[in-house]
Amino acid sequence: LAALEIHRGTGRLWAVLIQLKQCEGEEEQSRVFREALKEVPKSGEVWCEGARICMNPLSSKFNLAQAQQFLDFAIKFTPQYGDSFIEYLRLELLTTGNAINSQLEQLCVNAEPNYGPMWCHCKLQALHST
């Protein structure tokens, strides 16, 4: 929290705080997400966390249409954040049962994402971008 007091305009810090608030419940997590959007409305990392909240099937916030909208914003505002593409694949699996989406694949290739914890975990080799 001290880092956010100094760097309020840093989307990555807000995204981590949203993740940490999961243990305090979905209402607190959603509250921090809304607060983050006021501070950093064009942060793809924050929009991706909002999509993750909406894709939790055990949550009262479960809403796949809203998750898709949030991921569209995430990719538009911060295309280099690879986690948004990983979450979009998860959304495709939840909605269609199929993760193959040539439009998403092309969007990902064009964006050349290069960071994000899930993105780095899922890459075949550390030096590959897409």
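Reader: What makes Ser 30 count as buried?

Author: Ser 30 has a relative accessible area of 6%. Buried means under 20% relative accessible area, exposed means over 50%, and partly exposed is in between, with a 1.4 Å probe and protein chains only. The 6% of Ser 30 is under the 20% limit, so Ser 30 is buried. A word on the background: this is a predicted model, where local features need pLDDT of at least 70, side-chain atom pairs count only at pLDDT 80 or more, and totals for chains, interfaces and linings use all residues. Residues are numbered from 1 along each chain as its sequence is written, and side-chain values use heavy atoms, with hydrogens and water left out.

Reader: Where is Ser 30, and what is it in contact with?

Author: Ser 30 sits in helix H3. Helices are DSSP runs of H or I with at least four residues, strands are runs of E with at least two, and both are numbered from the N terminus. Leaving aside neighbours within four places in sequence, Ser 30 is in contact (heavy atoms within 4.5 Å) with Ile 53 and Lys 61.

Reader: How do you know that helix H4 is mostly covered?

Author: Look at its residues, 44-54: 11 of the 11 are buried. Among them are Gly 44, Trp 47, Arg 52 and Cys 54. The buried residues of H4 pack against helices H2 (11-20), H3 (26-39), H5 (64-77), H6 (83-96) and H8 (117-122).

Reader: What makes Cys 48 a buried residue?

Author: Cys 48 belongs to helix H4. The relative accessibility of Cys 48 is 0%, so Cys 48 counts as buried. Beyond its neighbours within four places in sequence, Cys 48 is in contact with Leu 71, Ala 74, Tyr 81, Asp 83, Ser 84 and Glu 87. Cys 48 and Glu 87 are 39 residues apart along the chain, with 7.6 Å between their C-alpha atoms.

Reader: Why is the pair Glu 49 and Gln 19 called a polar contact?

Author: A polar contact is a pair of N or O atoms within 3.5 Å; within protein, one must be able to donate a hydrogen and the other to accept it, and residues adjacent in sequence count only if both atoms are side-chain atoms. The side chains of Glu 49 and Gln 19 are joined at 2.8 Å, so the pair is within the limit. Glu 49 lies in helix H4, and Glu 49 is buried at a relative accessible area of 2%. Not counting residues up to four places away in sequence, Glu 49 also touches Ala 15, Ile 18 and Tyr 81.

Reader: Which residues line the second largest pocket, and what are their classes?

Author: A pocket is found on a 1 Å grid over the protein atoms alone: an open set of points where a 1.4 Å probe fits, with protein on both sides within 12 Å along at least five of seven lines, and lining residues have an atom within 4 Å of a point. Here the lining includes Gln 19, Glu 49, Arg 52, Ile 53, Glu 87 and Arg 90. H4 gives the most, with 3 residues. The classes come to 1 nonpolar, 6 polar and 5 charged residues.

Reader: Are Cys 108 and Cys 122 buried, partly exposed or exposed, and what makes them so?

Author: Cys 108 has a relative accessible area of 12%, so Cys 108 is buried. Cys 122 has 42%, so Cys 122 is partly exposed.

Conventions: Nonpolar A, V, L, I, M, F, W, Y, C, P; charged D, E, K, R; others polar.
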